[in-house]
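Thanks for sending this one over. Here are my notes, in numbered points, to read with the model open beside you.

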Amino acid sequence: MSLSTRFTYLCLLLSSLILLGCEGGIRGMSNQELAAKREACIQGNPTSPGKVTACENIRKECERRRKEGNFAC
């Protein structure tokens, strides 16, 4: 495996870990902000790994709130 490939994998791993660490911040978002971010994910259809992970975390938070009876997004 080349050095540049290793570096790319390392960057992807670190960005994923950083975004997972930010998930706690998602829980603190208002319903309006979360709904707006979800809509941006749907319309933007992200392809970069970091944005895909962030949008997946937003989707999971929407589902978590929905299970609690909060249908904001």
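Which side chain does a polar contact of 2.9 Å join to that of E39? The partner is Q43: the side chains of E39 and Q43 are joined at that distance. A polar contact here is a pair of N or O atoms within 3.5 Å; within protein, one must be able to donate a hydrogen and the other to accept it, and residues adjacent in sequence count only if both atoms are side-chain atoms.

1. **What you are looking at.** This is a predicted model, in which local features need pLDDT of at least 70 and side-chain atom pairs count only at pLDDT 80 or more, while totals for chains, interfaces and linings use all residues. Residues are numbered from 1 along each chain as its sequence is written, and side-chain values use heavy atoms, with hydrogens and water left out.

2. **The overall layout.** The protein chain has four helices and zero strands, giving the pattern α-α-α-α along the sequence. Helices (H or I, at least four residues) and strands (E, at least two) are DSSP runs, numbered from the N terminus. Of the 73 residues, 16% count as buried. Buried means under 20% relative accessible area, exposed means over 50%, and partly exposed lies in between (1.4 Å probe, protein chains only). Among contacts with a separation of 6 or more, 72% are accounted for by residues 24 or more positions apart; contact means heavy atoms within 4.5 Å.

3. **How helix 3 meets helix 4.** Helix 3 (residues 31–44) packs against helix 4 at an angle of about 135°, and their axes are 10 Å apart. That angle makes helix 3 oblique to helix 4. For reference, axes are lines fitted to C-alpha atoms, for helices over the stretch in contact, and angles run from 0 to 180 degrees between N-to-C directions. Angles under 35 degrees count as roughly parallel, over 145 as roughly antiparallel, 65 to 115 as roughly perpendicular and the rest as oblique.

4. **Who makes that contact.** From helix 3 come N31, L34, K37, R38 and C41, and from helix 4 come C55, I58, E61, C62 and R65. By class, the residues of this contact divide into five nonpolar, one polar and four charged. Ala, Val, Leu, Ile, Met, Phe, Trp, Tyr, Cys and Pro count as nonpolar, Asp, Glu, Lys and Arg as charged, and the others, Gly among them, as polar.

5. **R65, a buried arginine.** R65 lies in helix 4 (residues 49–67), and it counts as buried because its relative accessibility is 6%. A polar atom of its side chain lies 3.3 Å from the backbone oxygen of I26. Not counting residues up to four places away in sequence, R65 touches I26, R27, M29, S30, N31, L34 and N70.

6. **E61, and its links to two arginines.** E61 is also found in helix 4 and is buried, at 4% relative accessibility. The side chain of E61 makes a polar contact of 2.8 Å with the side chain of R65, and another of 2.6 Å with that of R64. Setting aside neighbours within four places in sequence, E61 is in contact with I26, R27 and L34.

7. I58 sits in helix 4 and is buried at 7% relative accessibility. Beyond its neighbours within four places in sequence, I58 contacts I26, L34, K37, R38 and C41. The C-alpha atoms of I58 and K37 are separated by 7.4 Å, though these residues are 21 residues apart along the chain. C41, for its part, belongs to helix 3 and is buried, with a relative accessible area of 15%. Leaving out residues up to four places away in sequence, C41 touches P46, C55 and I58.

8. **Back to E39.** E39 lies in helix 3, and at 37% relative accessibility it counts as partly exposed. The C-alpha atoms of E39 and C55 are separated by 9.8 Å, with the two residues 16 residues apart along the chain.

9. N45 has a positive phi of about 45° although it is not a glycine, and at 59% relative accessibility it counts as exposed.
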